[in-house]
Amino acid sequence: MPIKTISSWRSLLWLVVLFWPGCKPGDGTPEQEPLVSVGSEVLTKEELRAAVPEQLSPQDSMAIAEDYISRWIRNQLMLRQAEMNLSPQEKDVEKLLDEYRTSLLVHLYQQKMLEQKHSPLVTSREIEEYYAQMKDNFNLQESIIQGVFIKVRKDAPEQSFLQRWYRSAASEDLIHLEAYCFQHARTYEQFIETWVPFRRINSMLPQPMTNELQFLRWTKHYETSDEDYNYYLAIHDFQLPGSAAPVAFVEERIRAILLNKKRIEFIETLGKDLYEEGLRERIVNFY
């Protein structure tokens, strides 16, 4: 059989892709017809079709098919070289496969038991106790603030009320502020009871502050503008880099640490229980 050129091979592949919708196994189409071979290894139409997602346009199917065939050829050529150049000892991978199968099955079983029997619950008390013990590990790397940030068009109405409300911590004023901002503000961030990195708020100002430390130490309320918008920032509290992070700021990080710790403890207990059961039921025998 003559060797096909790249262009004629792609033409053939394009025809294969075009007629995929009508080429289903069992309708008499020769699905096992080879498309390309490397040595004795053959890639068939059926294998290629199984590797390409359905419901794609012919152009997308063609692109994915070409990529799959290219990767298949490179892998087969690499495998061919490995078979020729590695010693029999180097090609003996049965032990590696057994170890991989063992570790994979054990991992799958552990994950199944975690889903069925492990409770991913971390209480507030556990978080506070861990924070108290490891407080030195949670020093801030950046400034954080609590407060309010608003960006509103210059022509928005009644901004004299807005200037009063955003400076206040009274619940009634905050209700008025939220109603106003819901209707008029382009950006409204209320983080009075949570901590956010100052850099995030600073980046939204028309001219970000270059001296963060000085700005935070001496500023409670800040107003500025650009051509189209007025900006209002109220800083109710702040923490500087190097100080201990408030527990609320690192709560989710601590929760993730404790969850991982509990998963490890659960898996260790699972292994210990299985070991003791194996001895008790004489599944494990020492000789």
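1. Which residues of helix 11 are buried? The buried residues of helix 11 are I254, L258, L259, F266, L270 and G278, where buried means under 20% relative accessible area, exposed over 50% and partly exposed in between, with a 1.4 Å probe and protein chains only. They pack against helix 5 (94-117) and helix 6 (124-133), contact meaning heavy atoms within 4.5 Å.

2. This is a predicted model, in which local features need pLDDT of at least 70 and side-chain atom pairs count only at pLDDT 80 or more, while totals for chains, interfaces and linings use all residues. Residues are numbered from 1 along each chain as its sequence is written, and side-chain values use heavy atoms, with hydrogens and water left out.

3. Helices (H or I, at least four residues) and strands (E, at least two) are DSSP runs, numbered from the N terminus. Helix 11 itself (residues 251-280) has 30 residues and reaches 43 Å from its first C-alpha to its last, close to the 44 Å expected at 1.5 Å a residue, the expected span being 1.5 Å times one less than the number of residues.

4. An open sheet is formed by 4 strands in the order 4-3-6-5, with antiparallel pairing; two strands pair if DSSP finds at least two bridges between them. Its edge strands are strand 4 (185-197) and strand 5 (221-225), each pairing on one side only. Strand 3 (residues 144-153) pairs with strand 4 over 8 bridges, and V148 stands opposite Q190 in strand 4.

5. N202, in helix 9 (residues 198-202), is buried, with a relative accessible area of 6%.
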